[in-house]
Each structure stands twice: as C-alpha cells, then as structure tokens.
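Here's a quick briefing on a protein chain for someone just starting out. Take a look at the picture first, then read on.

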Amino acid sequence: GTLTQFDLLIVFCTQLAVLGLLRAATGLGTGWLIVGVAIGLGLLSKGPVILVQVLPVALLGHLWVDRARLKGWVCWYGGIVAALLLGALIALAWAMPAAQAGGEAYRNAIFWGQTAERVVDSFAHKAPFYWYLPWLPVLLLPWALWPPLWRALRHIELKRSIRLLLCWAVPVLLIMS
C-alpha cells in the first residue's frame, strides 16, 4: 500500500470495502454494512475517489462472486445501492453541520470545490492516457521480483480470487488513466 498509494487512509478504506464485498459475496448481510462504512470513511478522507476504487469491483460482481452462495443479483446490486446510501449519509453527517458552522465560503469549498472541481480538474492533467503502463513494473515492486509469486502463477487457474483482483485492478487502472 505505501508503495503504490501514499495515502494510507484511502488504502485502508478501499481494503475495508473489498473485505465487505467478500463478506457480502458469501451471503453475509454485514458485508454491505462494512462496504457502506468504508465508503463513508473514504468519502470523508479523500472524497469521491473511493468510488473509483470500490464501485468497479462491486459492479463486476457477476464475474467473481460464487453464484451458489449468493442470495440473488437483485440482492447484490441492491446491496451496492444501500452501501452507497450509507456512505453518503456518513459523509453528510459530517458535511452538513460543518457547512452550517463554516459559512457560505466553506460550504462551497466542501460541497463543490473539494468534490466536483476535484473530479473535473483530475481529467485536465497533462500526462497521456497510457502514462501508468510503463510504471506498472515499478508500482508492482517488490512483488514483481518475488520468485514464489512467479512459481505460483504457473499453476494458478482463473479462480474467484484472481477474477476478483482483475475486476478490481484493471478498471481502476483504466479509470485513473
């Protein structure tokens, strides 16, 4: 986490959300509560970027979730909506009183400047869309140089865990690019 993302709080919130998704994928209803709390904390710590980290893997659940343990896709996607609503409520529970106490300038800063403008300005960077690709080997250090990983990859099937990781990493890399 410290090598690929310097903001440990957002790393923690993202990993907590994925842990919640794994619990929800096994049929445990508390998984969606964990996802919602993680989204709320992620919104408080870094803003809407938590959604970039969590929503793709949740929305692609049909590619990695064990259907035999799932209560149904309506429950899965309903759980995503419920977690998003809980996350928004957590963020608003802080933002509304803070906006009230801080005045109009602060209210505009937290509701517009730190959310919408951050998203709009993030697309205005000067780097080309493929900028992350040459950096992938560096970002994957030290694991890219770990021999047991390469030996294990020769014998690995596209199991649920690998599908989960691909559904998590590839969309985030594409979105961030």
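Predicted model: local features only at pLDDT ≥ 70, side-chain atom pairs only at ≥ 80, totals over all residues.

**The chain as a whole**

- Of the chain's 177 residues, 26% count as buried; that means under 20% relative accessible area, while exposed means over 50% and partly exposed is in between (1.4 Å probe, protein chains only).
- The chain's accessible surface comes to about 11200 Å², and 72% of that belongs to carbon and sulfur atoms. These areas come from the Shrake-Rupley method with a 1.4 Å probe, and for residues only the protein chains shown count as cover.
- Take the contacts (heavy atoms within 4.5 Å) between residues at least 6 apart in sequence: 63% of them join residues at least 24 apart.

**Helix α8 and what covers it**

- Helix α8 covers residues 160-176, which is 17 residues. From first C-alpha to last it reaches 24 Å, close to the 24 Å expected at 1.5 Å a residue; the expected span is 1.5 Å times one less than the number of residues.
- Which residues of α8 are buried? They are Ile-162, Leu-164, Cys-167, Trp-168, Pro-171 and Val-172.
- The cover over those buried residues includes α1 (8-25), α3 (49-59) and α4 (61-64).
- Gln-53 sits in helix α3 and counts as buried because its relative accessibility is 16%. Setting aside neighbours within four places in sequence, Gln-53 touches Thr-14, Trp-168, Val-172 and Met-176.

**Aromatic pairs**

- A search of the whole structure turns up three aromatic pairs. Rings of Phe, Tyr and Trp (its six-membered ring) pair if their centres lie within 6.5 Å; planes under 30 degrees apart count as stacked, over 60 as edge-to-face and the rest as tilted.
- The rings of Trp-64 and Trp-76 have centres 5.8 Å apart and planes at 80°, so this pair is edge-to-face. It links distant parts of the chain, with Trp-64 in helix α4 and Trp-76 in helix α5, twelve residues apart.
- Trp-64 and Trp-76 are both buried.
- Trp-73 and Tyr-77 make a tilted pair, because their ring centres are 6.1 Å apart and their planes are at 35°. Both lie in helix α5, four residues apart, which is about one turn of the helix.
- Trp-73 is partly exposed at 29% relative accessible area, and Tyr-77 also counts as partly exposed, at 29%.
- Trp-32, Trp-64 and Trp-76 form one aromatic cluster.

**The loop between α5 and α6**

- Trp-131 lies in the loop between α5 (73-122) and α6 (136-139), and Trp-131 is partly exposed, with a relative accessible area of 40%.
- Ala-127 has its place in the loop between α5 and α6 too, and counts as partly exposed because its relative accessibility is 30%.
- Ala-127 and Ser-177 are 50 residues apart in sequence, yet 8.9 Å apart in space, C-alpha to C-alpha.

Notes:
Residues numbered from 1 in each chain as written. Heavy atoms only, no water. Helix = DSSP H or I, 4+ residues; strand = E, 2+ residues; numbered from the N terminus.
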